Amino acid sequence: MAKKKKPLPSLNYLLPRCRISRLVALTGYVGLLLSILGYNLLFADLHGANPVIVIGVQLLPLLIFLPGVITAHVRTHAWLAFAINLYFIQGVLICFQPGRLEYGLIMSGFSVLYFVAALYFIRWSFQAQRVARGET
C-alpha cells in the first residue's frame, strides 16, 4: 500500500525558518573562514612556507562558493555542505595534535554548525519553492 503524501507546510511557517537557518549557516561559514585566516596569521608555525600560499590553499575551496552563499542559492549551499566535510575532518585531525585542540574544536564546530544549518535551509527552501508553485 502506497504511503499517503504528507501535506507541505505553509509559507508563513517556512519563510522565517529559511531566513534563520540561512543566517546560522552564514555564521558557520564566516566563522570557519575567519578561524582559518586568524589562526594561520597569528599562531601557525609554517616552517618557512609562504603564509599567503598556505592561506590561499586552505581558503580557496571555501571562497569558490562565496557568490552563491551571498545570493542564497540553494544548490550552492547543498554543494558546500559536501565540501565543508573536508574542513570537519581536518578539524578533527587537528584536535589530536598537541597544543592545537582549541583550534581543531573551533574548526570542527563551525563546520558542523554550517552543515546542520545548511541542511535545514536546503530542505525548507525547496519546500517553500514547491508551495510557491502551488503544490500541496
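Guide: We start with confidence, then turn to helix packing.
Guide: This is a predicted model, where local features need pLDDT of at least 70, side-chain atom pairs count only at pLDDT 80 or more, and totals for chains, interfaces and linings use all residues. Residues are numbered from 1 along each chain as its sequence is written, and side-chain values use heavy atoms, without hydrogens and water.

Visitor: What does the chain average for pLDDT?
Guide: The protein chain averages 91. At least 70 is reached by 98% of its residues. (pLDDT is the predictor's confidence in each residue, from 0 to 100.)

Visitor: Where is confidence lowest, and where highest?
Guide: Lowest in H2, with a mean of 89. Highest in H5, at 96. (Helices are DSSP runs of H or I, at least four residues, numbered from the N terminus.)

Visitor: New topic. At what angle do H1 and H2 cross?
Guide: Roughly 175 degrees. H1 covers residues 11-42 and H2 covers residues 51-63. Their axes come within 10 Å. (Axes are lines fitted to C-alpha atoms over the stretch in contact; angles run from 0 to 180 degrees between N-to-C directions.)

Visitor: So how is H1 oriented relative to H2?
Guide: The crossing angle makes H1 roughly antiparallel to H2 (over 145 degrees).

Visitor: Which residues meet there?
Guide: From H1, they include Tyr29, Leu32 and Ile36. Among the H2 partners are Ile55, Gln58 and Leu62. (Contact means heavy atoms within 4.5 Å.)

Visitor: How do the residues of that contact divide?
Guide: 10 nonpolar, two polar and no charged. (Ala, Val, Leu, Ile, Met, Phe, Trp, Tyr, Cys and Pro count as nonpolar, Asp, Glu, Lys and Arg as charged, the others as polar.)

Key. Helix = DSSP H or I, 4+ residues; strand = E, 2+ residues; numbered from the N terminus. Parallel < 35°, antiparallel > 145°, perpendicular 65-115°, else oblique.
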